[in-house]
Protein chains: 2
Amino acid sequence: MSGTSGVEATQEGRRIRISELAAFVARVFEAVGLPGRDAQRVAALMAEADARGAEGHGVFRLAQYVKRIQSGGINTRPEMRILRDLPASALLDGDNAMGHLVMSRAAEIAVEKARTAGVAWVGARNSNHAGPAFLYAKMPLAHDMAGLYVAVGSANHLPPWGGTAMLLSTNPIAIAVPSLRYPPVILDMATTNAAYGKVKIKAQRNEPMPEGWMIDRQGRPLTDPKRASEGFLLPIGGPKGYGLALMFGLLAGTLNGAAFGKNVVDFNADSSTITNTGHFMVAVNIAAFADVQAFKQQVDEIWDQMKSSPKLPGFDEIRLPGERSARVYEDRKANGVPLTSELRRVLDELANRVGVERI
Amino acid sequence: MSGTSGVEATQEGRRIRISELAAFVARVFEAVGLPGRDAQRVAALMAEADARGAEGHGVFRLAQYVKRIQSGGINTRPEMRILRDLPASALLDGDNAMGHLVMSRAAEIAVEKARTAGVAWVGARNSNHAGPAFLYAKMPLAHDMAGLYVAVGSANHLPPWGGTAMLLSTNPIAIAVPSLRYPPVILDMATTNAAYGKVKIKAQRNEPMPEGWMIDRQGRPLTDPKRASEGFLLPIGGPKGYGLALMFGLLAGTLNGAAFGKNVVDFNADSSTITNTGHFMVAVNIAAFADVQAFKQQVDEIWDQMKSSPKLPGFDEIRLPGERSARVYEDRKANGVPLTSELRRVLDELANRVGVERI
């Protein structure tokens with residue numbers, strides 16, 4: 001629920017300080033051609049993904065990003081441009097930069113516009129995979145704004161409801177709302193029951209998938225993760241999740257002149273074709289609707305209401321969206337990010353290959 | 001998926017022209033104190049709900065609305081006020097008017113602001129049940145804009161994930177995107193697997209509910225709709241649907257100073273307490289992001305892609321969100337809206353009681 005889809009991927013390994021992890025990632029990106037400032041910005045966001053428990057979208061992706069950069073699939077010297085500009089909206093062309101750079105910029109523009117306009121919506125085209133959705137949804141929080149972020153996913157694993165052609169991705173949404181005493185409420189979810197990364201983890205571990213994650217081409221439950229390529233993901237709520245994935249694709253992809261449907265490039269399978277990834281980002285200035293302090297206090301009250309609900313048998317806790325991620329972050333800020341020996345090996349090899357100091 | 005949740009409620013009955021249905025509803029509202037223009041506006045929207053297949057949110061609700069008006073639970077002479085106003089946002093106080101009036105006004109303001117701002121977000125408080133979500137999401141379409149609408153539902157039937165306290169409603173979302181040759185793509189969905197109205201229909205028909213709609217207080221599947229009060233609805237995708245319902249409640253309710261959580265009034269059980277219903281409405285000006293004609297054509301292309309997917313066994317059609325509703329509308333525009341004899345009886349009684357000509 002909360003951007004922690006990759007958390008199970010990491011069996012406990014030696015822990016690395018967040019700042020060291022970020023410094024390593026920045027070294028690697030600089031070595032393959034990103035300007036220092038850009039390298040640091042992407043690195044900080046990737047390390048934050050790991051620190052907040054979204055390991056499937058953090059440093060785990062580094063080797064893949066480097067491969068794409070070295071194959072010419074990502075532009076390391078982009079010139080982003082605002083193509084359309086109105087008081088509460090902008091269309092940003094990312095010039096095929098790292099997605100993290102494009103969407104950080106989009107979030108900045110949205111926040112800046114929402115200061116005076118109340119709300120702002122920034123669409124992006126010619127972007128790339130940008131890591132976990134919550135990273136961008138939470139950016140407006142520091143400015144007493146709520147954030148919404150939607151992306152066209154970077155590989156199609158979902159057919160329209162009742163069909164078998166994989167025309168849709170898990171198109172995620174993240175929504176972040178500020179609070180006072182408690183962590184901000186941050187939802188980060190795919191529109192499918194399981195993100196595809198979870199399927200990969202089950203395959204690595206030789207564990208069956210629960211029914212409801214995938215079906216095969218005859219519509220039968222598919223529980224063997226090694227057979228994942230023979231089937232497809234199931235959307236949340238059946239036709240509803242399909243509907244959400246479709247609408248998000250139209251608004252984050254088609255509206256921005258970005259890829260959606262047949263023209264989505266599977267960035268796992270193809271490292272050189274330009275993905276033209278689309279996203280959008282909305283900033284909602286709390287002060288445009290409410291007294292900021294009073295609102296945050298009311299969010300805390302809602303938090304308390306949820307937490308104090310009696311529990312169903314088998315549940316020992318009611319959680320708010322983002323709560324687990326915030327707890328993971330507290331731990332990792334103090335004790336570092338665990339890296340599996342397998343991931344360390346991959347990162348060491350990568351360091352050798354691009355000629356930078358190992359982590 | 002597409003605002004047609006109540007379509008099964010109506011067994012085929014004698015058909016009434018849409019304009020006659022609207023005229024009847026307007027007569028009733030005028031008789032109980034709504035000014036003529038307001039009565040006609042609400043009536044047109046309620047008749048449109050029926051005409052587009054959302055019978056559970058159309059004239060079926062008339063007796064309930066009248067009861068609430070006569071109990072003082074709705075203000076027939078409201079003075080709506082804009083409490084906060086920025087170039088791309090507004091907070092509208094509905095003064096406890098019929099929700100249809102509040103949200104029509106909110107949509108108008110959003111469209112007007114989005115003309116120059118690119119995007120606009122209008123929140124509403126002191127509103128009421130406004131019928132099906134798609135009615136408002138589709139209003140910007142006529143202005144070459146996309147629309148998003150979110151509401152805090154009018155009764156809590158959903159606990160937080162893992163809990164048993166019914167603190168959340170089915171908080172629906174509707175998203176509408178314009179197209180060229182095909183009907184606009186319009187998603188209208190609850191954040192629960194089944195809307196509560198569907199449960200009521202199963203009870204009326206003495207049919208069991210499928211597993212997945214509801215669970216009881218021990219977490220076991222609840223399939224007997226007559227026992228619905230002993231359990232609660234299940235959110236789409238488990239914790240994900242809970243997360244969506246919660247975030248929508250914070251943004252449509254709390255942010256606007258409207259009811260959310262414990263203070264939501266069950267408008268089915270209570271006809272006089274002011275509900276302080278919250279909603280929000282977003283208008284997205286297509287021209288702020290794309291060439292309008294080219295965009296609509298691309299939406300048509302996505303439509304064609306989805307429709308041409310091979311089908312799973314057991315499916316004879318791939319549908320787009322809003323497609324079924326558009327088909328129902330074509331039929332009912334030509335042949336009228338079917339009303340069951342039971343509903344006609346209720347409407348006849350209502351006509352006698354308020355002293356207007358029967359339908």
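Q: At what angle do helix α2 (residues 36-51) and helix α4 (residues 99-117) of chain B pack?
A: About 85°, with axes 9 Å apart. Axes are lines fitted to C-alpha atoms, for helices over the stretch in contact, and angles run from 0 to 180 degrees between N-to-C directions. The model is predicted: local features need pLDDT of at least 70, side-chain atom pairs count only at pLDDT 80 or more, and totals for chains, interfaces and linings use all residues. Residues are numbered from 1 along each chain as its sequence is written, while chains are lettered from A and ligands numbered from 1 in the order written.

Q: What makes α2(B) roughly perpendicular to α4(B)?
A: The packing angle is about 85°. The perpendicular class spans 65 to 115 degrees; under 35 is roughly parallel, over 145 roughly antiparallel, and the rest oblique. Therefore α2(B) counts as roughly perpendicular to α4(B).

Q: Which residues make the contact between α2(B) and α4(B)?
A: From α2(B) come Asp38(B), Arg41(B), Val42(B) and Leu45(B); from α4(B), His100(B), Leu101(B) and Ser104(B). Contact requires C-beta atoms, placed from the backbone, within 7 Å. By class, there are three nonpolar, two polar and two charged residues. Nonpolar covers Ala, Val, Leu, Ile, Met, Phe, Trp, Tyr, Cys and Pro; charged covers Asp, Glu, Lys and Arg; the others, Gly among them, are polar.

Q: What span is expected of α4(B), and what does it reach?
A: α4(B) has 19 residues. At 1.5 Å times one less than the number of residues, 27 Å is expected. From first C-alpha to last, α4(B) reaches 26 Å, close to that value. Just after α4(B), Gly118(B) takes a positive phi of about 100°.

Q: Why is α4(B) called largely enclosed by the rest of the structure?
A: A residue is buried if 20 or more other C-beta atoms lie within 10 Å of its own, exposed if 12 or fewer, and partly exposed in between. In α4(B), 15 of the 19 residues are buried, so the helix is largely enclosed.

Q: Which residues of helix α6 (residues 196-204) of chain A are buried?
A: Tyr196(A), Lys198(A), Val199(A), Ile201(A) and Lys202(A). Their cover includes β8 (214-216) and β10 (231-233) of chain A. Just after α6(A), Asn206(A) takes a positive phi of about 55°.

Q: How many residues does each chain give to the contact?
A: Chain A gives 68 residues and chain B gives 68. On the side of chain A that touches chain B, α7(A) supplies the largest share, nine residues. That side divides into 42 nonpolar, 21 polar and five charged residues.

Terms used:
Helices (H or I, at least four residues) and strands (E, at least two) are DSSP runs, numbered from the N terminus. Two residues are in contact if their C-beta atoms, placed from the backbone, lie within 7 Å.
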